[in-house]
Every structure is written in C-alpha cells, then in structure tokens.
Amino acid sequence: MAVKHEIKSQLAKLLATEDLIVEHKQVQTACFNVHTRVLTLPMWEKASNTVYDLLVGHEVGHALFTPDENWLEKVAVPPQFVNVVEDARIEKLMKRKYMGLAKTFFRGYQELNDEDFFSISDESVSTFNLADRANLYFKVGNFVDITFDSEEQVLIQKIADVETFDDVLKVAEELYLFCKKEKEEKIDDIEMPSNEMGGESDQPASELQEQQDSPGEGSGDSQEQTPMPEADQSATAPLTDEPDVQTADAFESNLQDLVETDGYENVYVEIPKVDLEYILAKNDDIHREIDAWFNHQKTEIESLFDVTDGEFVKFKRNAQKEVNYLVKEFECRKAADSYARATTARTGVLDTSKLHTYKYNEDLFRKVSVIPDGKNHGLIFVLDWSGSMSKVMLDTIKQLYNLIWFCKKVSIPFEVYAFTNEWKRPEINFQTGEVTKPADWTSSYEKKENLLAVHEQFSLMNLLTSKTNGKQLEHQMINIWRCAKAFGNFYGSCYSVPTRMGLSGTPLNEAFVCLHQILPQFQKENKLQKVQCIVLTDGEANHLSRHVMVKRHWENEPYMGTRQLQGGVTFLRDRKTGNTYNVPYGWHGFSDLMLQNLRDNFPSVNFVGIRVLEGRDANGFLGLYHNRGSNAFFKLQSEWKKQRSFTIKTSGYHAYFAISAASLSQDADFEVDEGATKAKIKSAFIKSLKTKKLNKKVLGEFISLVA
C-alpha cells in the first residue's frame, strides 16, 4: 500500500509536539536542521507503513533530543561511534515518551532484520567489533544472537544508561578507543605472526603481503589454491588502526534502496503576508472617479441615468420585504441563542413567599435569569469583478444589496471588496483629458522562493462600506448599480463605465490570500466576536504561481521569476496552523484548498459562497462537487428544477448557494395590466410567489449560518 507522505508529516509533528516543518524530498537520507527546525524525509516509497513509522519516529527523536552544538570541538571521535550511542539514547527516550512506539520499533526492526538491512546474514556477528555489535544489539538484538565478554558488557551497559548528550560523547569516546585498541591488536597479529616453533617471524610485513598476493608460488602445478583464513583476509585491505562501523554503513546503503528518486520533486509553497496598503483601492478614490466619469457623460444628456436610477429606486422599495424578513429571522435566532445560554443565579435576597417551606426547602432565596449579550457580528463581502460576470452582475448586485440593507438595519458593520486587475491602469482626468500614469507597481510583499505569487497589478476595490452615512451609501450603491447595468447591456448601453472600473480576469485566489490580513484587521477595528465572509462569484480561478529563482545561460545574474504549480507534487504549507495541503490538479480545487486554509486559520468565521447561475450552467457547477451518477447529484438536480436553487455543502465554503439568475431577475411584485385575463393574473401571481419563495429560502439558509 502506498505511503501517504503528508499523513506521516502530521505523525512527525505530533511526535515532536511542536510546529516542525516536515518536507518529503528526493534525498537519500533523512536529516534534521536544528536551526530552521526543518525535518527532511526521503521518499521511502518502498517502505511498509511500519518501517516508515519507525524511520519517522527515529528522526523525530533526533529533532527532540539531539542538541544543536558542534560536539567535534569537545571530543575527537568519528561521527559513526557517536551515532551508535546517540541512536540508542534517542530511541530509548522516544519509547519512554510514547509507550506505543515500542511496538512500532520492535516490528519495524524485525522487518528490516528479516530483509537483512544490516548485511549480516552471511557474516559471523562474533567477529564484528564492539561498535558494530552494539549497533545491532540496540536495534535488532531481539532477533540476532549477540554475545559480549565481561569487559564489553560494561560498555554496553554504559550505552544503555546514557541520558544526556554529554553522556553520549563520553561513552562514544570510550567505545571508539576500545574498538581502536582492538583493531590495533589485530593489525599487530597480522604484521608479526608466530612461526612454527612459537617464535616471532623476522620476515617483513611487506614480504608477507607479497606471499599472500601469490599463494600458488612454489606449491606445484597440481596444487589447488585454498581460501585464506578470515584473519588473513583482512590483511589484503589497507592496514589502518582506525575502526569503522560496517553495520551502520550497510544499513544506510540498504535504506537508500527504499527511496524513490524517479518522478517530480515535491515542492512546498507558502502564502505571503501582504501589505494591504498596496492592494486596497480606497472607497473615496473609487467613487470620486466614478462620479467624475458619469458627470462627464451627463453633461451631454441630462436624463442619461433616469431610467437606470428609477429601476434602482423600485428595486429598493420591493426589497424591503426580503430585508425585513432577514431582520426578523436574525433577531429570532439571536434571541433563541441567548436564551439557550441563559443561566439562573441567586440574588442573596430571601424570597418571603417561600419562608413557610423552610423545614423542607433549602432554597429560600430569590433567583434571577442571566441572559448573556448577543454576539457582535460583522460581514465581509468579496465580489467577483471579472468579465464572465457581465450577464449576471446585476442579479448578483441585487443579492448583495439585500444583505447590505439588512446590515444597515441591524447595525452590523460591513465592507464590500471587488477583486480586479484593472484599477491600477493609467488614470484619466476627464476635465482636461490628461492621462496620469500610475506609479511603478510595487509588490505588496517581499518576494521569496516558493511563496505564492500575487501580481502587482492585483487590487481589491473597497466599493461599499458601513463607515459612510446613509445618504452617501445610497449614492455609492447607485454608482455600482449603474456599472452593473452597463455590463449587462454592453452593446446597447447609452453610457460607459470608467476604464479602471472595467471587468478583468478572475483573481479570486489572490483575494483569498489578502483575507488573511483583512479578516483579523476588520475584526479588531470593529471589536467583533463573529465575522462572516460572503463571496459572490460565478466560478473559481486558476492556480496561483509560485516564485522561483531563474538562471538563464545568457544572463550573469539570476532573477526572481514565477512558475506554475503542479498538482499532486505541490503542497501548500501553513506554518501558523502546522497544516499541509496537497495542491490538486483541478483548477476549481485550488480555490477550495485556499478556503480550507482560511477556515483552519479563522475557525470562528463562516465562509459562504453565493453563485448566480444561468440555467444551462447548473449541471456543470453541480458536477464539480458531486459525481453525475450519484444520488446526491440527482437530488440537488431535482431541487434545482423545482426551486431554482440548491446548496453545496462539500466545497471549501461552509455553504455554497447556487441561485437561478432568471428567477432573481423576475419581479416579486404582483402586478398585472388592467383588463388582464384570469390566465395572465394566475401566471403573474405564481411568478410572484415563486420569486418570493426562492428569496426567502436562500436568505433563510443564509441567516441560519450568520446568526
């Protein structure tokens, strides 16, 4: 079964009890950077889950217990010998800290021993030096027969007893010196062998070596070459008195066979912390430009906006019923929640009506019900200002205005932002015709490798805000209404919108990046306990890019460029929450991923999506979240046919409302011409009821989330 790398990352973080950064890379061996707290794990694709858990637990042990210090300054001991003792210590401490790991280590090493990872199946363990046997004893000693003499047993016990890293260095030095002395004695035995009479040979070691290299000389042609004794074989290697730990080398070499080095390298990306000063277009600046543009056009035709503005006034009047319904539902739910949290407390004052019950009633004091205050609410609206919204922009604006009037009526602070790539275009002075080029685009964050890229051209336009007074707010809402009307009737409109207010691409995911700063800032400024984030869009956006250093052969210096994210091998990492998310292949899945990350960062915030759909788009949208042959798909499809709306609960939003644009565009008022037939009256009445029913259903579900 394939190993789920990011699940193992979570295991490492849980074991380490800290916000470790865990990366799975195409490296040969695991390592831990004690400075950056980055634990790099190889892609042990061929390892079983048990072995994987063993290896992760071992590396976390180093992360937890191996100190960040240059111990080579303290002792002159080869690292292999320190590793033997330190491995024994950290595994002991890990099993002590997490008792369940003892079974994992036991089974993992049993599996590794069965597969001969220490390369000992064809060897006699008794001939290994003490460091090798100690390494085997503390790892696979349950499965291999290993013996020690009395002097060696003392050192083995010291290794078993080490608790601190200073103890490790002391015992490792003893182990090294013991093995070095043992090696020197073996070399002496090889260089000066005893003769047949028991005396020492006077023949130089070089001549002995020559004879060993030519075993057949002087033996006769018929004599077969016989193998040398094991002790003599070591003489063919370079004679050195430095011992080594061959089982450690064998283990590392065999461990590399588990590593998958083919395919793409995993990439870990992070969300940049943006400076909103370079992204937010101020509310005053936006409407100053809109006013200037519309006034410029109005000089030619005085009544240019009369029809459009009249439609706004009519819509506002008709919308009051929905707004009042929202307010009533909101207040009822708030009151129900408050009473559900109500408590009863004693006042300390005797209740004289109960004095006669003193013999059998201990509770003679008056009580009072304490109803906690309702929560302070606030709403953030994120509006899609992209070209694909042109046909449904007005209907979407209608839904937005219903919610804004609701906020005003119940005194809830709100902000409306529209995402765009057009605002930072050159500005035109409509009086003089002068074009003012914007200042050089400035990045809203410091660009670093593997940060998600937010283009300098991206802006969030603060279209509407609760900070304005009622008269000013209505004027601004009319401005946006006029823009929406012009978008919906692009070729037939008698007026146009400012260039910088034109529809753009769909930088939705860039908006999600900015919400990491907008949400806490909005909550802090308004002292809110509960914030709702409402996203009004007609679809999701493509993956963001990531920053990467690019070096081209014809240039002297590299530069910070961008590269597209690759689904499946790219992971979004959040250091604040410690979560890691696998970037999906599908374009819509990346927006869901960004939303899930927001939900993990702001658990008290509800994220609600509102998507106004043309009838032909309903099945395609529904198919993004439910298989077309599933019961859930058919159920929601049926709901759409009957009610012209449905709610997705499997996306990145807490709730994703789909609403028919055609139904929203119908007038909710019951109006018929004088002299209309019964059939026309009936039809108009049914349309009116359907529209009201749709609005109430959607708004009712919305309030259940918000209240």
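Q: Before we look around, what counts as a helix or a strand here?
A: Helices (H or I, at least four residues) and strands (E, at least two) are DSSP runs, numbered from the N terminus. Keep in mind that this is a predicted model.

Q: Is K527 buried or exposed?
A: K527 is exposed, because its relative accessible area is 68% and exposed means over 50%.

Q: What about N450, which loop is that in?
A: N450 lies in the loop between β11 (435-436) and β12 (459-465). N450 has a positive phi too, about 70 degrees, although it is not a glycine.

Q: Why does N450 count as partly exposed?
A: Because its relative accessibility is 22%, which falls between the cut-offs of 20% for buried and 50% for exposed.

Q: Switching topic: how many residues of β3 are buried?
A: Five of the five residues in strand β3 (residues 38-42) are buried, so the strand is mostly covered.

Q: Which way do they point?
A: V38, T40 and P42 point one way from β3, while L39 and L41 point the other way.

Q: Which strands does β3 pair with, and in what sense?
A: Strand β1 (residues 21-25) runs parallel to β3, joined by five bridges. Strand β2 (residues 31-33) pairs with β3 in the antiparallel sense over three bridges.

Q: Which residues sit across from each other?
A: On the β1 side, E23 has T40 of β3 as its bridge partner. On the β2 side, F32 stands opposite L39 in β3.

Terms used. Residues numbered from 1 in each chain as written. Predicted model: local features only at pLDDT ≥ 70, side-chain atom pairs only at ≥ 80, totals over all residues. Heavy atoms only, no water. Buried < 20%, exposed > 50% of the residue type's maximum accessible area, 1.4 Å probe, protein only. Pairing = 2+ DSSP bridges.
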